[in-house]
Amino acid sequence: MAMGPLLIGLYVFILAMFVGFEVITKVPPTLHTPLMSGANAISGITIVGALAVAITPEASVSNLLGAAAIAFATINVVGGFLVTGRMLAMFGSKKK
Amino acid sequence: MTSDLVHFVYLLSAVLFIFGLKKLTKVKTAATGNKIAALAMFLAIVGTLLELHLPDSAGSIPSIDYRWIIGGIVVGGVIGGIGAVRVAMTSMPEMVALFNGFGGGASALVAAAVVWDTLVEKSGSIDPINAVIICLSVLIGALTTTGSIVAFLKLQGKLKKGAPILLPGRHVINLALVVGVVGVTAWFAFSANTPETFTQSILALTAISLVLGWLLVIPIGGADMPVVVSLLNSYSGIAACAAGFVIGNNVLIIAGSMVGAAGLILTQIMCVAMNRSLVNVLVGGFGATDSAGSSEDARNYESVTSCGPEEAAMVLDTAESVIVVPGYGLAVAQAQHAVRELATALESRGTKVTYAIHPVAGRMPGHMNVLLAEADVPYEQLVEMDNINPEFKTTDAVIVIGANDVVNPAASTDKDSPIYGMPILQAHEARTVFVIKRSLSPGYAGIKNGLFELNNTMMVFGDAKQIVQGLVSELAEL
């Protein structure tokens with residue numbers, strides 16, 4: 001059975017959506033903001049795409065766009081995980 | 001370097017993303033979950049950097065210039081890091097919104113860069129299906145960016161203090177823009193066949209999407225902003241997913257679609273908490289009809305009773321049970337530590353103190369829990385709305401601090417009220433209600449609060465922190 005990359009991508013997409021729905025069913029209200037913020041950081045995964053387009057040796061428009069995309073995505077990733085960590089640390093300190 | 005190893009790293013990363021997200025949904029494991037997700041992100045980046053070293057179809061290993069990569073990571077890392085470390089806990093929701101906008105923007109830029117690289121620099125071609133996916137990536141990414149910026153400004157109160165902005169004929173304008181998006185996408189996919197026309201169509205699409213994102217969020221009031229931020233978060237996941245299709249990388253598709261699903265679920269949960277339908281939120285204009293009359297309403301309060309901290313302290317001194325209803329005003333005044341002191345003072349007199357937490361208290365669901373946790377308020381004393389509502393009837397005193405819409409009885413009594421149907425904290429049922437507030441000005445929904453006029457309600461005007469500190473010292477003197 002031959003499958004193009006697009007079709008494989010669709011399989012992955014649909015299965016991952018189901019996993020996403022299954023993983024997040026019940027969430028206590030306390031965790032809404034941290035979860036949103038953590039998921040937000042994960043959406044910075046687009047940095048992987050950005051890396052792939054920013055590599056050609058000569059400076060070019062696509063390189064510049066790629067570098068800007070890397071910067072944007074890194075803000076999302078670094079900022080997102082750190083902010084989530086800060087919020088969750090507060091729940092941790094209080095338990096002791 | 002074999003491609004099998006690279007794919008194994010990607011697979012490991014995808015699995016860790018799922019574990020991380022799963023652990024983020026439980027209080028005990030959430031901090032670990034966040035670290036696992038961060039590790040997954042790190043692995044995905046390592047995998048990509050390895051993949052870049054794989055020989056291409058011709059068998060030659062591409063030469064890589066890391067300047068752009070390192071430059072981008074350093075700039076983004078410094079900005080994101082400083083932003084995350086310096087932001088106050090009270091401003092967390094708008095920070096999340098802003099970060100989200102950057103994520104969306106990155107996805108749009110990736111798609112644009114691929115277009116430029118393929119069509120202009122390599123004079124290649126893009127088939128119609130990929131072209132449509134690229135257009136989707138640009139559309140969702142760009143729309144998320146401006147939408148998130150508007151959400152950020154609204155949460156900061158910089159855009160008309162968060163009130164809805166209704167343009168005349170906005171539905172027609174939006175419809176025209178959507179038609180424009182479809183038209184440009186079709187042009188890009190099927191007819192634009194020179195690098196110039198390709199570029200023009202992508203630029204046009206970007207411009208339309210940016211405007212569309214802006215227009216979609218401005219009519220939505222500040223009270224609904226958490227729902228919008230959550231939805232935009234979902235969009236940014238879908239945008240990353242589309243970018244994954246563009247460059248053919250499964251990790252992007254998996255992580256992106258999970259964020260998309262998570263965002264949708266959270267959005268739905270929040271809508272239920274506010275008794276609003278998603279369509280209702282998105283059409284917007286919530287509170288807009290009243291915003292014109294709200295300032296007038298605010299002056300129209302009759303029979304409001306106010307008192308100072310001394311009188312309030314006397315009532316609290318004899319109370320056997322006290323419920324604190326914290327709102328965003330508490331956070332703004334940084335009064336959480338003073339509240340904690342007050343609670344300790346009351347508890348030392350044998351008074352039972354609990355906190356009533358509305359699901360959307362603060363600027364975002366769960367925001368208030370984070371703020372009170374910062375002040376070391378014991379977790380067990382925070383009681384969720386459904387559990388505490390029956391308690392109000394038998395409670396001697398309620399202290400409402402900087403909360404407004406979440407205790408507005410109009411939500412359950414006034415069918416014409418824009419917040420009718422929203423579940424509220426039944427604070428008005430308590431024997432005595434103290435409302436600590438700067439003035440009679442309306443809250444986020446922009447409407448009058450009947451609670452302030454009730455016979456059992458005493459307004460204590462002033463800065464939340466000063467008033468609560470005043471209460472603590474008055475109590476000490478009694």
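## A walk through chains A and B

Start in chain B: B:Val322 stands opposite B:Val353 in strand S2, where strands are DSSP runs of E with at least two residues, helices are runs of H or I with at least four, and both are numbered from the N terminus. This is a predicted model, in which local features need pLDDT of at least 70 and side-chain atom pairs count only at pLDDT 80 or more, while totals for chains, interfaces and linings use all residues. Residues are numbered from 1 along each chain as its sequence is written, chains are lettered from A and ligands numbered from 1 in the order in which they are written, and side-chain values use heavy atoms, with hydrogens and water left out.

**Stop 1: the strands around S2(B)**

Select residues 321-326 and 352-357 of chain B, which are strands S1 and S2. S1(B) and S2(B) pair in the parallel sense over four bridges; pairing requires that DSSP finds at least two bridges between two strands. Look for B:Tyr355, whose bridge partner in S3(B) is B:Leu382. How many of the six residues of S2(B) are buried? Five are, so the strand is mostly covered, with buried meaning under 20% relative accessible area, exposed over 50% and partly exposed in between (1.4 Å probe, protein chains only).

**Stop 2: helix H18(B) and its neighbours**

Next, select residues 464-477 of chain B, helix H18. The expected span of a helix is 1.5 Å times one less than its number of residues. For the 14 residues here that gives 20 Å, and the end C-alpha atoms are 20 Å apart, which agrees. Colour the buried residues of H18(B), among them B:Ala464, B:Ile467 and B:Leu475. The buried residues of this helix pack against several elements of chain B, including helix H12 (309-318), helix H14 (336-348) and strand S5 (432-437); contact means heavy atoms within 4.5 Å.

Stay on strand S5 of chain B and pick B:Thr432. Is B:Thr432 buried or exposed? B:Thr432 counts as buried because its relative accessibility is 17%. Leaving out residues up to four places away in sequence, B:Thr432 touches B:Val315, B:Asp396, B:Ala397, B:Val398 and B:Asn456.

**Stop 3: aromatic pairs**

A search of the whole structure finds three aromatic pairs over all chains. Rings of Phe, Tyr and Trp (its six-membered ring) pair if their centres lie within 6.5 Å; planes under 30 degrees apart count as stacked, over 60 as edge-to-face and the rest as tilted. Select A:Phe13 and B:Phe245, an edge-to-face pair at 6.1 Å centre to centre with 75 degrees between the planes. The pair crosses between chains, from helix H1 (residues 5-23) of chain A to helix H8 (residues 225-247) of chain B. B:Phe245 is buried, with a relative accessible area of 16%.

Then show B:Phe188 and B:Phe198, also edge-to-face, at 5.2 Å centre to centre and 75 degrees between the planes. B:Phe188 belongs to helix H6 (residues 170-191) and B:Phe198 to helix H7 (residues 195-217) of chain B. Both B:Phe188 and B:Phe198 are buried.

**Stop 4: from H6(B) to chain A**

Finish with chain A, which has four helices and zero strands. Of its 96 residues, 58% count as buried.
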